[in-house]
Amino acid sequence: MHRVFLVGPMGAGKTTIGKYLARHLGLAFADTDAEIEHRTGADIPWIFDVEGEAGFRLREAQVVEEMTQMDDIVLATGGGVVIRPENRQALGSRGFVIYLHATVAEQLRRTRRDRKRPLLQQGNREEVLRTLMMTRDPLYREIADHVIDTDGCSPRVVAQRLVVALNADKQGPATLE
Ligand SMILES: Nc1ncnc2c1ncn2[C@@H]1O[C@H](COP(=O)(O)OP(=O)(O)OP(=O)(O)O)[C@@H](O)[C@H]1O
Ligand SMILES: O=C(O)C1=C[C@@H](O)[C@@H](O)[C@H](O)C1
Ligand SMILES: [Mg+2]
């Protein structure tokens with residue numbers, strides 16, 4: 001039984017690399033952001049507008065509680081998933097957690113044209129990303145079994161490093177056969 005959970009900030013590549021990795025490993029792919037949109041029939045900016053960030057976080061916690069119990073899955077999470085202790089507990093205890101790290105400069109480059117991440121649509125993007133990173137980086141690390149620096153690496157190279165990390169984890173629940 002394989003469960004790989006990808007955590008990290010906006011633009012780290014969780015969604016991009018998660019899809020690639022799942023295909024490579026022959027596992028299902030799921031994404032908490034996409035699942036929330038699927039369940040509500042609304043996109044994330046709309047949910048933030050109507051229900052506020054608090055409403056979104058509640059939905060996110062419900063999805064995390066369910067999806068971290070699915071088998072043979074690569075699960076990409078939203079950048080803020082680690083805020084809630086119950087999410088950290090579920091992710092940290094139920095699967096192999098990979099922290100995809102990217103510097104703020106790299107996050108800025110990768111999210112330059114983004115209009116779908118509500119937290120990046122107001123104020124100074126660099127400042128927002130820096131503040132989020134300061135509070136969240138220790139939380140990503142708290143639950144991570146492995147950290148991968150993605151700066152300057154193509155999605156393919158990041159995915160290859162991820163496979164190496166999974167293979168090296170003899171005890172982990174996501175060890176490759
Ligand atoms: N290793 C990489 N090298 C270059 N570009 C990348 C890399 N990983 C992702 N990208 C690009 O960065 C953008 C954001 O990637 P992605 O949506 O996968 O991030 P995410 O971690 O899922 O963010 P979020 O937390 O907001 O869901 C996309 O345009 C993607 O193509
Ligand atoms: O970093 C965050 O808090 C977020 C990241 C995205 O994945 C989405 O979950 C949403 O835009 C919030
Ligand atoms: Mg994503």
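1. Arg 57 counts as partly exposed because it has 17 C-beta neighbours inside 10 Å (20 or more would be buried, 12 or fewer exposed, with C-beta atoms placed from the backbone). Arg 57 sits in helix H3, residues 44-67 (helices are DSSP runs of H or I, at least four residues, and strands are E runs of at least two, numbered from the N terminus). Beyond four places in sequence, Arg 57 touches Ile 83 and Arg 84 (contact is C-beta atoms within 7 Å).

2. A word on the basis: this is a predicted model, with local features needing pLDDT of at least 70 and side-chain atom pairs 80 or more, while totals for chains, interfaces and linings use all residues. Residues are numbered from 1 along each chain as written, and chains are lettered from A and ligands numbered from 1 in written order.

3. Arg 136 is in helix H6, residues 125-143, and is partly exposed, with 18 other C-beta atoms within 10 Å. Leaving out neighbours within four places, Arg 136 contacts Pro 9 and Val 82. UniProt's unreviewed entry lists Asp 33, Arg 57, Gly 79 and Arg 136 under "binding site"; such annotations may be inferred rather than shown by experiment.

4. On to the core. The largest nonpolar core has 33 residues, and Leu 6, Val 7, Ile 98 and Leu 100 have the most contacts inside it (a core is a set of buried Ala, Val, Leu, Ile, Met, Phe, Trp, Tyr and Cys residues joined through C-beta atoms within 7 Å). Strand S4 (96-101) is among the elements that each supply at least two residues, and S4 gives the largest share, five residues.

Note on methods. Contact = placed C-beta atoms within 7 Å.
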